[in-house]
Amino acid sequence: MENILKKTILYLVIVFISLSVLIPLSYLVTISFSSQIEVNDYPKKMLPSLYHNIAIKWDAENQNYIVMRENNEGIFKELYISSKYDKIRDYMKTQLNIDMTTERIEKDFNVAKDTGEIVEYKYYKSFFNNYIKFFTVFSGAEKALINSIKAALITILISMSIGGAVGYALARTSIKKKEAIRIGSLIVRMFPMVSISVPMAVLLVRYGLFDSMLGLAIVYSIPNIGLTAAITRSIFIGVSKEYEEASLVFGATEAQTFRKITFPLVLPAFAASSMYAFITAWNDTAVSLLLTNKNETLALLIYKSIGGASSIHYAASGAIVLILPALVFTFLLKNYITQMWG
Amino acid sequence: MSYLKLENVKKVYNNKVTAVDNFNLEIEKGEFIAFLGPSGCGKTTTLRMIAGLESVTHGDITLEGKSIVGLTPRERGISMIFQSYAVWPHMTVYENVAYALKLRKLKKADIDEVVQDVAKTTDIVQYLNRYPSQLSGGQRQRVAVARAIAVKPKLFLMDEPLSNLDAKLRVSMRTDLKRIHQNVKSTSIFVTHDQSEALSLADRIVVMNHGVIEQIGTANEIYHESETMFIAKFIGSPASNFFVVNVILEDGEVYLVHDDFKVQFNGQEKDVLIKNYLDKSVVLSIRPENFTVNKGGFIKAKAKIIEPQGSHIIINTDIGGEEIKIVSDLLELESGENILLGFNDKVLLFDSETEKRIK
Ligand SMILES: Nc1ncnc2c1ncn2[C@@H]1O[C@H](COP(=O)(O)OP(=O)(O)OP(=O)(O)O)[C@@H](O)[C@H]1O
Ligand SMILES: [Mg+2]
């Protein structure tokens, strides 16, 4: 009885947690595929729509086409009035994400004019319109993406090499003050990166690293070096010395032993800590806001673009562009890590 | 000339802990040697010095007449089974066995032939494609053996390879190791603190204590002619029984006198006793099976506890306040019965100060 109660509560908590992540995420995905008109729809759809149902009426009196769209409640609402085919085409493209040639519009709309009746069409949206737009509307988006990748890779490189070396030293050598180094490197994590950024800005300017990805990566590495050291230390301790000694006895040199035995055995630890380093660098906006000027990162660009209310659906597709690599990276590594550590 | 020779080998850790001292040993080609001793006596340290994993503080080790002290482990042509097996978890069984062969730049076909061959010897053919985590302890141990014999080593070192196995598997793997040794004819050193392993496997046993060699000899020599009281206590289960006795001379005959008995001594050590130990106390050591029970004796005792072992019984009794264990075949003996004890002439005498055997 108590068991069932416990389980029920557990599942409720799990459901609550997953819903609180999934609902905003699915909303974000829907928005990222929505046209401008749909963004303002109420009630909203849960899933992104693939097409619009459009009705056209010829207003003979004013010599105009009246363009109507079926909204989520199944009612056709007037959207746009015009007689010019290329104007209609532009409107459909920007407001409805429907990409059509003027000729096609002329042909379809003439049916309404000729018969004098309301004609309905099902027009498919150009599905990735917002994503393409994101990179064209926000002129720096492509560069920002490349910047983000650069910053993340350099962060991984710095944290892995320094953190890994510290982890090795803490586990395998007899250096003094080990405990102090270990705790010290973790304490650094307690300070928010933003608070480090302000004094760092001064330093970076002096060394000409302000507004550069290397400069950003150095700041991102500060908390991650300690974390990497802590993770790799426990792995270096876990990899029994006898594995390496066996390799030496069976004819390997020290270098071969490191390459073929030690390194593959500690790799999962590096994979796990590189995931943390990647996420730190990839998701940050605060530090890059302070430490960059023209070279903004993708996260910062999206953060700024959300400010412009008219382009929320473009910003949403930008956010998806930001989330996807992090998701893919995390899942690939997760599989690898669980495979190695069972 | 001996195959492997350790001369005055000494190991001091961190300038403080002397782990091995004054270690002298010569091994012939093809011999199976066991290092036996209690925990912490320096067995692993000695083995690691031979393998080159630990530096030698003092002394020399020669293999086939050449000193190997300055060589790296890979230059020594030795293979080793580690106490934890050290089978690499990120490689399949096949890759584990082939590792050393690949490093020796053998052709793929040749490697395959050797791997299949040793896999057959160690009975792991069906596991070659598995990872070590998918094997049982005994199977993993056989992989460690296969890996070690694949390289045709000059010397085969084993550090307590059976200590992680359950009692039954340990006995069967012991037989397997002996069979493999007979097939491969490798010169082997086997470290253990389990005396039955050492006694059943080795051609010669090196008994160690506190970093020094107590005795080197065959199983029989170690058991019946123990050189020190430590060995008489350490070897045999149950261990030997000890009595402090006085040596006296009466009418030209030597007598050993204890509170509870007085017995005439006619062993070969008689002359030494007369020369050095008259009116002094020595330690008389009697193995449990060298007592006679109710067959005409001279020590009155009471069987306090009887431990039946199937083929024989162990009688616990008490002579002069000392716990004494006796092995007997009187299966119907009941606890509480009075018994009359004697002992045969296979007794040993130890100097009570040096604890060395009087001979
Ligand atoms: N790396 C080391 N540093 C300092 N002392 C050590 C080191 N390795 C071993 N010792 C000491 O040397 C002595 C011998 O150790 P060793 O490992 O050779 O014992 P052993 O006979 O193999 O014992 P066991 O049966 O428990 O494996 C011990 O007193 C041990 O504490
Ligand atoms: Mg040991």
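**Close-up views of a predicted two-chain model**

View 1. Apart from neighbours within four places in sequence, Gln139(B) is in contact with Ile124(B) and Tyr127(B) (contact: heavy atoms within 4.5 Å). Gln139(B) lies in helix H4 of chain B, residues 137–149 (helices: DSSP runs of H or I, at least four residues, numbered from the N terminus). Gln139(B) counts as buried because its relative accessibility is 15%, where buried means under 20% relative accessible area (1.4 Å probe, protein chains only).

**View 2. The area buried between chain A and chain B.** About 1,800 Å² is buried between the two chains, and carbon and sulfur atoms give 67% of this area (buried area: accessible area, 1.4 Å probe, that two parts lose on being put together, summed over both). In chain A, Glu242(A), Val249(A) and Phe250(A) lose the most area to chain B, together 40% of what that side buries. The contact takes 16 residues from chain A and 23 residues from chain B.

**View 3. The salt bridge between Glu245(A) and Arg48(B).** The two side chains meet at 2.7 Å, N to O (salt bridge: a side-chain nitrogen of Lys or Arg within 4 Å of a carboxyl oxygen of Asp or Glu). The count between chain A and chain B is one salt bridge. Helix H10 (241–249) and helix H11 (254–283) of chain A are the elements that give two or more residues to the side touching chain B. The largest share of that side, seven residues, comes from H10(A).

Residues are numbered from 1 along each chain as its sequence is written, and chains are lettered from A and ligands numbered from 1 in the order in which they are written. Local features need pLDDT of at least 70, side-chain atom pairs count only at pLDDT 80 or more, and totals for chains, interfaces and linings use all residues, while side-chain values use heavy atoms, with hydrogens and water left out.

Technical notes: Buried means under 20% relative accessible area, exposed over 50%, partly exposed in between (1.4 Å probe, protein chains only).
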